Amino acid sequence: MNIIVCVKQVIDPEAPPSSFKVDAASNRAEMRGVPPVVDPYGEYAVEGALKLKEAAGGKITVLSLGVSLLREVVKKPLAMGADELVLLEDEVYADADSYTTAAALAAAIKKLGSYDLILCGREASDTNAGQTGGGIAEILGLPCVTLARKLEVVDGKLRVERVTSTGYEVVETPLPAVVTVSNEIGEPRYPTIKGIMAAKKIELVVWKSADIGIQAGGQRAKVNRMYQPVHEGKCEFVEGETLEEAAADLAGKLREAKIL
Amino acid sequence: MAEYRGVAVYAEHKNDKLAAIAKEGLGVGRKLADALGQELYAVVVGSGVSDIAKQAIAAGAQKVYIIDDPLLKDYQTDAYLSVLEKFVKQVNPRVLILGQDDIGRDLAPRLAFRLDTSVTMDCVELDIDADSKRLLATKPIYGGNALCVFVSETDPHIVTIRTKSMEPLETDDSRTGEIVNIEAGLDASALRTALIDRVVEEVAGIKIEDAATVIAGGRGIGSAEGFKQLEELAGLFKGAVGASRPACDNNWAPDTAQVGLTGKIIAPELYVAVAISGSSQHMSGCSGAKTIVAINKDKEANIFRHARFGVVGDWKKVVPAFTARVKELLAP
């Protein structure tokens with residue numbers, strides 16, 4: 001089974017919100033002093049691919065699109081156990097919207113040629129858009145199942161448990177297909193030393209936008225404004241001689257405020 | 001080129017009732033339609049759904065399009081996608097509003113790419129720009145660390161709205177509206193994915209979406225046993241137990257209890273966050289709570305920026321004492 005996983009490099013979403021800054025002039029965001037990471041949602045997709053490979057065999061090719069991709073960051077899926085990495089790196093993608101991103105990934109997937117399954121995270125931790133998977137499916141004319149928590153090949157079809165607000169659905173799709181993976185798939189594995197050593201030997205492929213026939217422009221959505229919401233932060237800290245006393249006092253405060 | 005007019009709302013429904021998210025969509029849709037000086041439509045998809053159309057009119061729709069077909073009985077992506085594509089091409093609305101939920105998350109991006117237009121997901125604010133008359137769609141990005149206002153270059157501008165972020169109109173059964181049927185025209189062989197089963201895993205007791213009090217635990221709880229203590233506290237409040245994503249990922253709490261951007265978005269009267277640091281992605285799920293109380297050993301934890309009351313300390317000491325005092329105060 002040939003699996004393609006789309007994962008991107010993002011600013012670290014786990015960094016303290018106090019280090020988050022938006023540059024209003026360029027409409028770009030950064031985590032000051034914190035290095036970028038592989039998107040955690042994308043890591044769940046890598047984990048889903050690795051589980052499938054363990055069960056059914058095959059090859060995992062990772063696609064990462066962006067600008068200024070740090071090799072030590074984007075190679076993490078290889079260290080986790082993926083087989084190949086193709087970087088779609090070009091200045092053209094600096095302000096790519098969901099349309100441009102999906103179009104470029106779809107073009108790269110076409111160029112790769114042979115695939116049974118394309119996995120993406122349910123959304124990315126920076127844009128929180130959740131459009132790339134569905135977009136790739138539409139552009140390539142493939143079926144798509146979103147929010148997967150379990151993947152299994154049954155009689156040549158893919159059986160997906162799809163997370164819903166009340167539990168899950170079991171959906172079956174013919175292959176090739178696009179599936180977006182949710183965190184319920186389980187914690188992504190840590191790279192092993194062996195995996196890290198093996199990843200070092202894998203040669204990366206880099207395709208510029210021209211290599212896959214993608215041009216600048218053609219965006220469907222424009223950013224009008226980007227800003228940080230303001231929190232007043234007027235927390236009343238309840239203290240006491242002991243923590244137990246503070247806790248009891250907290251209950252008293254809630255009673256006073258007629259919350260309890 | 002077609003002229004795009006009107007604001008359309010996908011009228012989601014469950015158990016023969018128009019969903020709350022659809023009423024919220026019609027509420028904000030009314031505001032947008034007024035600003036454009038255009039009409040508000042609802043589109044109902046399903047099997048045997050004529051009563052939903054009446055409910056949509058009572059909730060504010062002036063014109064309801066019904067696509068009724070046995071093949072549409074259950075939500076199935078390819079089928080729903082096909083009929084909504086047909087609806088948009090026939091009606092040409094300027095804006096199409098869906099909910100950011102099981103259906104909208106799946107359907108809205110597919111529909112936008114199929115129609116070669118753009119979609120903005122998980123909007124918390126929708127306005128019409130006074131000069132350009134274009135939709136300004138505001139959505140949280142970076143897990144809620146920032147807000148971004150998008151304008152679409154193409155029509156229709158499709159959006160999904162966050163649960164409980166928009167005000168519904170008061171339901172009024174005296175409202176009148178026009179009902180139009182659209183043929184589904186589905187070809188069963190074109191439906192590629194198949195729904196095999198639908199499993200409800202909801203825990204017993206009050207759902208966290210409906211609870212007035214939610215006691216939620218995070219990574220710092222450390223075990224499933226720890227969550228049992230939170231259950232006791234939640235019981236006193238006749239509330240429900242929630243959890244952050246790390247707690248769910250560790251199986252200390254069921255996935256259906258997850259509060260946050262990728263879990264439930266809730267707005268209880270009281271939200272007690274125990275050993276939760278308060279990442280932006282978590283706060284996206286609970287910042288609508290009327291009062292947030294935080295118990296955390298790290299005074300610098302982000303949760304205290306959102307809390308009205310806080311106790312800095314080990315939850316293992318704080319929670320039992322808090323529970324005991326609450327029990328005393330609530331005793332008859």
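Two residues are in contact here if their C-beta atoms, placed from the backbone, lie within 7 Å. By that rule, Gln229(B), Glu232(B), Leu233(B) and Leu236(B) in helix H5(B) meet Val319(B), Thr323(B), Val326(B), Lys327(B) and Leu330(B) in helix H9(B). Helices (H or I, at least four residues) and strands (E, at least two) are DSSP runs, numbered from the N terminus.

This is a predicted model: local features need pLDDT of at least 70, side-chain atom pairs count only at pLDDT 80 or more, and totals for chains, interfaces and linings use all residues. Residues are numbered from 1 along each chain as its sequence is written, and chains are lettered from A and ligands numbered from 1 in the order in which they are written.

**The helix pair in chain B**

H5(B) spans residues 224-236 and H9(B) spans residues 315-330. Their axes come within 10 Å and cross at roughly 20°. Axes are lines fitted to C-alpha atoms, for helices over the stretch in contact, and angles run from 0 to 180 degrees between N-to-C directions. The two helices are therefore roughly parallel to each other (angles under 35 degrees count as roughly parallel, over 145 as roughly antiparallel, 65 to 115 as roughly perpendicular and the rest as oblique). The residues of the H5(B)-H9(B) contact divide into 5 nonpolar, 2 polar and 2 charged. Ala, Val, Leu, Ile, Met, Phe, Trp, Tyr, Cys and Pro count as nonpolar, Asp, Glu, Lys and Arg as charged, and the others, Gly among them, as polar.

H9(B) also lies across strands S16, S17 and S18 of chain B, running at about 130° to S17(B).

**Two sheets that span both chains**

Strands of a sheet pair through backbone hydrogen bonds, either parallel or antiparallel. Two strands count as paired if DSSP finds at least two bridges between them.

One open sheet has 6 strands with parallel pairing, in the order S15(A)-S18(B)-S17(B)-S16(B)-S14(B)-S15(B). S15(A) and S15(B) stand at the edges, each with a single partner strand, so one side of each is left without a neighbour in the sheet. Helix H7 (residues 243-256) of chain A packs on this sheet, touching S17 and S18 of chain B, and its direction makes about 175° with that of S18(B).

The other open sheet has 10 strands with mixed pairing, in the order S13(A)-S7(A)-S6(A)-S1(A)-S8(A)-S12(A)-S9(A)-S10(A)-S11(A)-S13(B). Its neighbouring strands are turned by 30° against each other on average, direction ignored. Helix H4 (residues 98-112) of chain A packs on it, touching S1, S6, S7, S8 and S13 of chain A. The direction of H4(A) makes about 145° with that of S6(A).

| Strand pair | Sense | Bridges |
|---|---|---|
| S11(A) (167-173) and S13(B) (194-200) | antiparallel | 6 bridges |
| S9(A) (144-154) and S12(A) (177-181) | parallel | 3 bridges |
| S16(B) (270-274) and S17(B) (291-296) | parallel | 5 bridges |

Glu169(A) stands opposite Arg198(B) in S13(B). Ala148(A) stands opposite Val181(A) in S12(A). Val272(B) stands opposite Val293(B) in S17(B).

**Interface and domains**

The contact between the chains takes 73 residues from chain B and 70 residues from chain A. The chain B side divides into 32 nonpolar, 18 polar and 23 charged residues.

Domain bounds come from an automatic or database domain assignment. Chain B has domain 1 (7-190) and domain 2 (213-330). Their centres, taken over C-alpha atoms, are 34 Å apart. In chain B, 8 residues of domain 1 are in contact with 9 residues of domain 2. Chain A has domain 1 (2-212) and domain 2 (230-260), with 43 Å between their centres, taken over C-alpha atoms.
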